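Please keep the sequence and the model in view while reading.

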Amino acid sequence: MDLNFDFTEKRVIITAFFCMAFTIANLITVKIINIGFLGMETPAGVLIYPLVYILTNVIADVYGERTARRTIILGLCVDILFVFMTTLILFLPSPAFYTGDSSLAFVFTQTPRILIASYISYLIGNFKMQELQLL
């Protein structure tokens, strides 16, 4: 198996990881975790968000700001598709033996709000990072 990827293949891999990490962050944010040694509780999405920022910075540094913006837009489109599909399944009927509808509803009714909030915070964070880099 040849693992020597060329420049374009590396970009595709990084973009795929970015989109997946962005979607995972929005999904796992529903879970609140207790970080006892810090004495705080926080959404589980904070565990993967650093990877999202690192990948964005790598893409911007290696492939340029234009590619980074396009990757962020692609990540948003992937998330919108995810939210659309998970919202759609809540409205589709389930067979009588299926008992997971309430669990799915608990998780997936929160994802549209999480998507909006996380994207706003992500944009604000990126704009602040750009301001700091200009200093």
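## Aromatic pairs and a cluster

Two rings of Phe, Tyr or Trp, the last represented by its six-membered ring, are taken as a pair if their centres lie within 6.5 Å; planes under 30 degrees apart count as stacked, those over 60 as edge-to-face, and the rest as tilted. The model discussed here is a predicted one, and by this rule the count comes to 5 aromatic pairs. One of them joins Phe7 and Tyr63, whose rings lie 4.6 Å centre to centre with 45 degrees between the planes, and this pair is tilted. Phe7 belongs to helix α1 and Tyr63 to helix α2 (residues 49-63), so that the pair, according to the element boundaries, links distant parts of the chain, 56 residues apart. The two partners can also be described by their accessibility: Phe7 is exposed, with a relative accessible area of 52%, whereas Tyr63 is buried, with a relative accessible area of 15%.

A further pair is formed by Phe22 and Tyr49, whose ring centres are 6.4 Å apart and whose planes stand at 90 degrees, so the arrangement is edge-to-face. This pair, too, links distant parts of the chain, with Phe22 in helix α1 and Tyr49 in helix α2, 27 residues apart. Phe22 is buried, with a relative accessible area of 0%, and Tyr49 also counts as buried, at 14% relative accessibility. Both residues are members of one aromatic cluster, which is made up of Phe18, Phe22, Tyr49 and Tyr53.

## Overall architecture

The protein has 5 helices and 2 strands, and these elements follow the pattern α-β-β-α-α-α-α when read along the sequence. The C-alpha trace of the protein spans about 55 × 45 × 30 Å along its principal axes. Of the 135 residues of the protein, 33% count as buried.

## A positive patch on the surface

Which residues gather in a patch of positive charge on the surface? The patch consists of Arg11, Arg66, Arg69 and Arg70, and its largest share, 3 residues, comes from helix α3 (residues 65-91). Arg11, by contrast, is found in helix α1 (residues 7-28).

Ile33 is found in strand β1 (residues 32-35). Is Ile33 buried or exposed? At 18% relative accessibility, Ile33 counts as buried, because the cut-off for that class is under 20%. The C-alpha atoms of Ile33 and Leu47 are separated by 9.9 Å, the two residues being 14 residues apart along the chain.

Val78 lies in helix α3, the helix that also supplies the largest share of the positive patch. At 31% relative accessibility, Val78 counts as partly exposed. Between the C-alpha atoms of Val78 and Ile48, which are 30 residues apart along the chain, the separation is 17 Å.

Note on methods: Residues are numbered from 1 along each chain as its sequence is written. This is a predicted model: local features need pLDDT of at least 70, side-chain atom pairs count only at pLDDT 80 or more; totals for chains, interfaces and linings use all residues. Side-chain values use heavy atoms; hydrogens and water are left out. Patches are made of residues with over 30% relative accessible area and no salt bridge: like charges are joined within 9 Å, nonpolar side chains (Val, Leu, Ile, Met, Phe, Trp, Tyr) within 5 Å. Accessible areas come from the Shrake-Rupley method with a 1.4 Å probe; for residues, only the protein chains shown count as cover. A salt bridge is a side-chain nitrogen of Lys or Arg within 4 Å of a carboxyl oxygen of Asp or Glu. Lys and Arg count as positive and Asp and Glu as negative; His and the chain ends are not counted. The place of a charge is taken as NZ of Lys, CZ of Arg, CG of Asp or CD of Glu. Helices (H or I, at least four residues) and strands (E, at least two) are DSSP runs, numbered from the N terminus. Buried means under 20% relative accessible area, exposed over 50%, partly exposed in between (1.4 Å probe, protein chains only).
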